[in-house]
Amino acid sequence: MRTSFKPRKFFSKTLAIGAAMACVLAFGTTAATAAPTSSDTAYPGGVPSWAQPANNEGAAAADTTVEGEIYFQLRDLRGAKALATAVSTPGNRSYGQWLSPAQWIGRYSPTQKSYDSVLTYLKDQGLVITGTPESRLFVVFRGTVAQLNATFNAELHNYDFKGTTVVGPSKAPTLPASIAAPVAGVSVDQGSLLTHPNYATPDGGTQPTPQARHTQPPAPTAACSNYFGQHSDTVPSAYGKTSYPTYVCGYTPHQIQSAYGKGDLTKTGHGRPAADGRGQTVAIIDAYASPTMLSDINTYSATYGLPQMDGHSYLQIVPDPSEFVDQDLCGGPSGWQPEQALDVASVHGTAPAAKILYVGGFNCGGGLDVAMSKILDHKLANIVSNSYGNLGEALPADVILGEVNIQLQAAGEGIGLYFSSGDSGDEAANLGYTSPDFPASSPWVTAVGGTSLAVSKKGTYMFETGWGSVRDQIVDGAYVSALPGAEFRGGAGGGVSAVFAQPTYQKGVVPRSLSLGQRVVPDISSLADPYTGYVIGISPINNDSTLTTDPFTIQTYGGTSLAAPLSAGQMAVAQQVSGKTLGFANPVIYSTSRQQRGTFTDVVSPRRQQALAFTSPSTGNQYLVSMNLDTSLTTTKGYDNVTGIGSMNYGFALAISRHGR
């Protein structure tokens, strides 16, 4: 099946944050940026923060093709927010009374007439329309720099952003006043094409080039354990010890099920004989599509004792490969294939009988918005796992506004959006200031942070710490740097939003001293540390043009890209067992955490520093990996900005599902 559209996502510095902050409303959305009206209406919220004179490389080539997106006003933004709040909040008389897609669109989307007037204008300018969702919340289009300059008077230039050249407007884009009334924002830059998946490997750091390690379940060696503490390695004295457990080769689905308490659902009488997610559908959104996903998940399932999948249990809506665009900036199919494989294996591993719907974008920009709208406009699932994000919140205000409108549609229809919180900690190293990542920072999505997980030989839960890995190489019997080392190898994203006010559901749970009246990320957490990672199956793409692949291999992955689908799968099982649908879950998550504290695991800092011994399979270099060191983010008793409320498990998911009704 084919798709066509485009989205927004992006990141940069404080200009966009300042513009967006002016638009903050209490429960967590933004209002439209005021725009001057004359013969043309300007959209200053469409100028990205990286489009500054200091990194201006001059006018973009006239024949360069650039994707753009126009976002539309909701007819009743206040009403859409009120509805999303009411249907998601336990105790409200409207709780759970979601609208159908047709009802939501009929009540809140722009009129067909106003939408068509903008489409006609774009087509008259010679632009190619690539995305028109049924919700009419946005339109995605493509054109040359010359065409976009003529259409929007934006004077597109090349800009250097962190070593990557991207095209963006040197001044606010405009539209004729005669058609501007329904338009909330305009995006004509390539920032959205820097959206990235949030996966990591033990050897490659975050967003690595995949490297095959083995074709069968990993065999334990002195350098790699199949459960926590199976093997240890001698290291120079560190934290009062000279021996530490070796890193985990990758937990299997059954180890994750066991450690997170899937079996307890039946033992306690809460579950049906098969608490496996049957009757539920979990949607997954990523860019592009793996040509071997169904065969890979079935080989993986045969290896690890999971049910086989077929055209009824694994469904996908993806563009034809001829429609894949913007591969250079997005990373191409080979860069996103590990994400899809990880997401599918994680959901299938935690909810083996649930249906999986994979919806792929034609790129990592507007294609992701298109993919989301395909799900929302027909309510194809009520749980959606999204393991991608931007660098902080430094996006144009118009982009944030457009994304929030899509999220309001999901909440109003009873669809829960789960977003990975990111793999770069507080983002200070990338941005020069601390920031959570968007879309995870939106109060209308469930942000999933990350942990390091220890599972015993018997499959029981031992402990969790916050995910934050700092590596120190061992050379000639000594550490290269003073402990814990200087090499940060990834950690869960989180922190205080500069854009969104604190949502009501976080009050009384998130300390005021931490929030300062703003939204704090994440909400929940799950396994993300690649050094205590998860096994996946993949036939790696070796050519993005032909989509040919190498033989099937088993690899080890982590990142909050793992945490989000693990949580989504557990929520699917909880909905099956309880017989109740959660929708947007945050209000219930926080109220459950206050009233049923024993149902979740509060991840706190360990009494003594935890570490793992790691020998690189590719180089043979030896390291000590110190754990729970996530930049400026810290774990603590109660809510924290690494793990949120705490670690997700099947019991907590069930308590959440049962609590709201």
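1. Helix H12 (residues 366-376) lies across S3, S4 and S5 and runs at about 150 degrees to S5. Axes are lines fitted to C-alpha atoms, for helices over the stretch in contact, with angles from 0 to 180 degrees between N-to-C directions.

2. Before going on, a caveat: this is a predicted model, where local features need pLDDT of at least 70 and side-chain atom pairs count only at pLDDT 80 or more, while totals for chains, interfaces and linings use all residues. Residues are numbered from 1 along each chain as its sequence is written, and side-chain values use heavy atoms, with hydrogens and water left out.

3. On confidence, pLDDT is the predictor's own score for each residue, from 0 to 100. The protein averages 91, and 90% of the residues score at least 70. Residues 1-37 stay under 50, though the model has 184 contacts for them beyond four places in sequence; a contact means heavy atoms within 4.5 Å. The stretch 206-217 is also below 50, with 35 contacts in the model beyond near neighbours in sequence. I'd read both sets of contacts with those scores in view.

4. Four strands form an open, antiparallel sheet in the order S4-S5-S3-S9, where two strands pair if DSSP finds at least two bridges between them. Strand S4 (128-131) and S9 stand at the edges with a single partner strand each, so one side of each has no neighbour in the sheet. From one strand to the next, the twist averages 25 degrees.

5. Now the pairings around S3. S3 and strand S5 (residues 138-144) pair antiparallel over seven bridges, and Gly68 has Phe141 in S5 as its bridge partner. Helix H5 (residues 145-152) packs on this sheet too, touching S3, S5 and S9, and its direction makes about 125 degrees with that of S5. Strand S3 (residues 65-72) is joined to S9 by four bridges, again antiparallel, with Glu69 opposite Ser187.

6. Buried means under 20% relative accessible area, exposed over 50%, and partly exposed in between (1.4 Å probe, protein chains only).

7. There is another open sheet, with three strands in the order S2-S6-S7 and antiparallel pairing. Strand S2 (56-59) and strand S7 (164-169) are at its edges, each with a single partner strand, so one side of each is left without a neighbour in the sheet. Neighbouring strands here are turned by 30 degrees against each other on average, direction ignored. Two bridges join S2 to strand S6 (residues 156-161), and Asn56 stands opposite Tyr159.

8. Strand S21 pairs in the parallel sense. Four bridges join strand S19 (residues 383-386) to S21, with Val384 partnered by Leu417; three bridges link S21 to strand S22 (residues 446-455), where Tyr418 has Thr446 as its partner. Five of the five residues of S21 (residues 416-420) are buried, so the strand is largely enclosed by the rest of the structure. Gly416, Tyr418 and Ser420 point one way and Leu417 and Phe419 the other, and all are buried.

9. The largest nonpolar core has 144 residues, and those with the most contacts inside it are Trp104, Tyr300, Met372, Met571 and Ile589. A nonpolar core here is a set of buried Ala, Val, Leu, Ile, Met, Phe, Trp, Tyr and Cys residues joined through side-chain atoms within 4.5 Å. Helix H16 (residues 560-578) gives the most to this core, with 10 residues. Apart from it lies another core, of 25 residues, among them Val118, Ile179, Val186 and Val188.

10. Ile284, in strand S16 (residues 281-287), has 0% relative accessibility; not counting residues up to four places away in sequence, its contacts include Asp343, Val344, Ile356 and Tyr358. Arg519 belongs to strand S28 (residues 518-521) and is also buried, with a relative accessible area of 0%. Where does the side chain of Arg519 reach? The backbone oxygen of Ala440, at 3.5 Å.

Key. A polar contact is a pair of N or O atoms within 3.5 Å; within protein, one must be able to donate a hydrogen and the other to accept it, and residues adjacent in sequence count only if both atoms are side-chain atoms.
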